[in-house]
Structure formats: C-alpha cells, structure tokens
Amino acid sequence: MGDEIDQRHFEADHFSQFRARLEEETYQLDSLFKYDQFSQRGDILGFELEVCIIDQEGHPSGINRQFLDQLNDPLVVPELAEFNVELNGSPVSLTGRVFSRLLDELSTTWHKCVQNADDLNVRLVTVGILPTINPGILNSDHMSDMVRYYALNDRVMALRDGEPLQIEIAGEEQLQMKHADVMLESAATSFQIHVQCKPERATRDFNAALVASAPMVALSANSPTLFGKFLWEETRIPLFEQSVQLGGRYLDRVSFGSGYVDESLSEVFQENQRDHVLLLPYVQSDPVMKFAHLRFQNGTIWRWNRPLIGFDYDGQPHVRIEHRVVPAGPTCMDCIANLAMFTGLLRAFSDATPPVAEQLTFEQTKENFYQAARHGLNATFHWPKDRQVNARELILNELIPAGRDALNTIPLPREEIDRFLDVIVARVESEQTGAQWQRCWIDAYGKDFAALTRRYADHQGTEKPVHEWPIS
C-alpha cells in the first residue's frame, strides 16, 4: 500500500481481474514456500517511523506536501493525513554495531527533518497519539493528496453502506463516538520494525513475534489519551482496530490475527485471498512472480504482525515480518532501543526449546497483547508453566536477560547490546514509559494538552530517552 495508484473508482471487471490474478499469485507463492525458493539472506533489520507535524502552539499542522517538497528526501514520504510524514530506514544486517548504525541513520534523517520544520516554522513530534488531535481535523479535507487514500476511504465506507464508524473504548475514562471516514486511523502513529527472515526460521520467527507483542507494548506504551480522555496505556491499539471496521459481515482489517502459523507463512496469504474482501482491486501489468496483487491485498490488511513479500537487490524474493505494535517515539534512541529489544526477544522466543509459542496457546498470547495495551507494565500475562506474571517483573527478571543472551549468541558486541538494552532496563525499572510521563505531567499541571505537547516536544529535542525526562 506504500505505492501510489492512478485510479480512485473501480468497476466489476476490475474486481474479477484482480481476484483471478490474486488467486494465481497466491498459488505461485505457496509453491515458493513448499520448494524453499526464497532468498537465503536474512537477519536483516529495518524500520518505519510515523511523525506528526505540529504548529508552535502544539496543534496539528497540515503542511506535509510543502514539508516533503522542500525536504526532497526519498526516505521521508507522506502518510494518510496531511499532518503526518513517515521516515524510513535502509535495511541493515544483524551484525556488528547494527543498532548504532540504525540509530545513526534515523538520527541523521530526523535532524534533517527538524531543520526543515524549523524553516517552515513548525515542529515534529513522535508520539503514539498526538495529545492535541481532535475529531474536527480528522476528515477528508485533511487527507494527504494521494489517490490511494481517497480510494481506500471510498471503499471502506461503501462496504459499510455509508454507516459511520462506531468508536467505543472503555478504559480509565469512556469514549463513544461516531465518525464519517477512515481518517481516525491517522491519529495512530507507529514505529514499525521490519525483520527479513532466513527461510528456515520464518515460521518460528513469526510465531515468536506474536508472543513478543505483549511485552513490547507494555514496555513501549506511548498513547494514553485520545480526544482529551485517558483510556488505555496504548490507546492506539483499539483506535486503529476500530478506525477501518468494515462491519459484521467481514473479517477485521486490523487484528492480532487468527492463529499461529503451522507450516509456512503461505497460510497467512491464503487467508488474505480466501477470507478477506477486496478493498482496492487495482489491476497491474506485472508478471505473476512479482506478486503485485498479492502484495497489494496484503497491504490493505493491517495485522499487528504482518508477513511481507519483498525482493533483494538481485531480484530474489524474500520474506519479512513487519512488527506493528510499537508506538512512535518518544525519541530516536527509545525507538532503536525498542527495536533491539524486539530483536532479542524474537531470537530468544524462536530458539527456545520448545519455542515459546508452543508453550502458550494463541488465545493466551492474544489476551496478553490486549492486557498490555490496556494496562502497560501493570498488566498480568499468561506465561509458560501455567504462570500468571506481572509484566514489569517478567520483563526485568526474565525477558531482558533472555534478550541479552540471545543477541550475544549472534554474536553482537557486548557494549552494543548493553547500550540499547540498558535503556529498556532503565525505562522499565523507573516505570517511566512515554504513556506514564504524559500521565504524570497531566497529574502535575492539569489537562492542558497543548502545553503537554509543547513540553513533550521540548524534551524530545534534548534527545535524552524518556526515562530521563523530568516531569516539568
């Protein structure tokens, strides 16, 4: 879904042609999995960071087209709303000072963007949900000027027979509202982690990513409010899930998935083809083995852990896992520390004997995820050996040590591992996630969300990780 399209409206023959090509590509992809014909390269990391543009008062500023035109950087691209952009990272092998290399690139792009923002008299913020976002700006008048976004909105609302989206989130406070388009999705911004898998590890790694989702949400939560209400620690989770609901007749487009993978990731793409309605039947002329329609259909199904098909520099197809559960921010260092933690958990959970996904049911793993989104580090998780464990204690006492050990076996330099995982240790020990910092600031200064946003941006500008931010 990252590519622009040149067509907003679709006829019956577009659907039939797209469906036929999707079926053929899904069949061919299954053959690649069965006969192990994917690139043998793997253990390659990347990221996408979604960013909010705000004015000097702390409110959304819808100038992403002007911002992008002036910046002119291929690593920075539009997002759904005109007050969002996305920063992309180059693929990096899981060797040596891998996390430092990723941080260097992200920081370089970030500083370039900040300077560009200064020139335009705006600021940039990386936060799961912008505290000053309001329903009035979340409409098609503030949608980025890309055809695919308008087409997506058209189709979602058509499948709902024009019925508005119903948002219901029960947390510390209650939110109930109706909304007329998919722009609610743009209020939720993420730091998406990409891992290109070695083929023999892909199934275990995908299931491990599912298990890792709960602790990753708990330790990275950064979205405690929406429209002035305190809801979940990571309110971005229910918001995104409800912002593109098609209605009771259709499977959810945003979900934790339907189960672990048994034999291969082909099972997920078969489910995409078999069970999910076509949203955007954009017919393309690419050959079957480019999987254009399969990839496009997959791009309109936002699982919290999503398998992706891509291509190496020499054209060989590869498999990636896109881990979508982590919110944006609070700083570049926090983002890459989260990436390091996820990488360690992925390897630890995948290589355990038996793999951790075989020691928890899928329903337990799914319940852990939503408990983490609701309660953050105070969540209670199901864990192997029939345990019920506090998220904070589990992360500190078991998961961070397991992640360190796993990264050591790759092997990565000890100082590299410590540099980034020590950020996670300090954050969890202090219990100062981005969400908790926001809560404490409001407790101290009241519900002035514009002032909160400005102060958040000030602290972000120091580049100190969030556990070092004062409540001032």
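Rings of Phe, Tyr and Trp (its six-membered ring) count as a pair if their centres lie within 6.5 Å; planes under 30 degrees apart are called stacked, over 60 edge-to-face, and the rest tilted. By this rule, the structure before you has 16 aromatic pairs.

The model is a predicted one, in which local features need pLDDT of at least 70 and side-chain atom pairs count only at pLDDT 80 or more, while totals for chains, interfaces and linings use all residues. Residues are numbered from 1 along each chain as its sequence is written, and side-chain values use heavy atoms, leaving out hydrogens and water.

Let us take one pair. The ring centres of Trp 437 and Tyr 456 are 6.0 Å apart and the planes stand at 65 degrees, so this pair is edge-to-face. Trp 437 belongs to helix α13 (residues 434-445) and Tyr 456 to helix α14 (residues 449-462), 19 residues apart, so the pair links distant parts of the chain; helices here are DSSP runs of H or I with at least four residues, numbered from the N terminus.

Are these two residues buried or exposed? Buried means under 20% relative accessible area, exposed over 50%, and partly exposed in between, with a 1.4 Å probe and protein chains only. Trp 437 is buried at 0%, and Tyr 456 is buried at 3%.

Aromatic residues also gather: one cluster consists of Phe 240, Phe 256, Tyr 260, Trp 302, Trp 304, Phe 362, Phe 369 and Tyr 370.

Finally, the charged end of Lys 290 sits over the ring of Phe 311, 5.0 Å from its centre. That term requires NZ of Lys or CZ of Arg within 6 Å of the ring centre and within 35 degrees of the ring normal.

Conventions
Helices (H or I, at least four residues) and strands (E, at least two) are DSSP runs, numbered from the N terminus.
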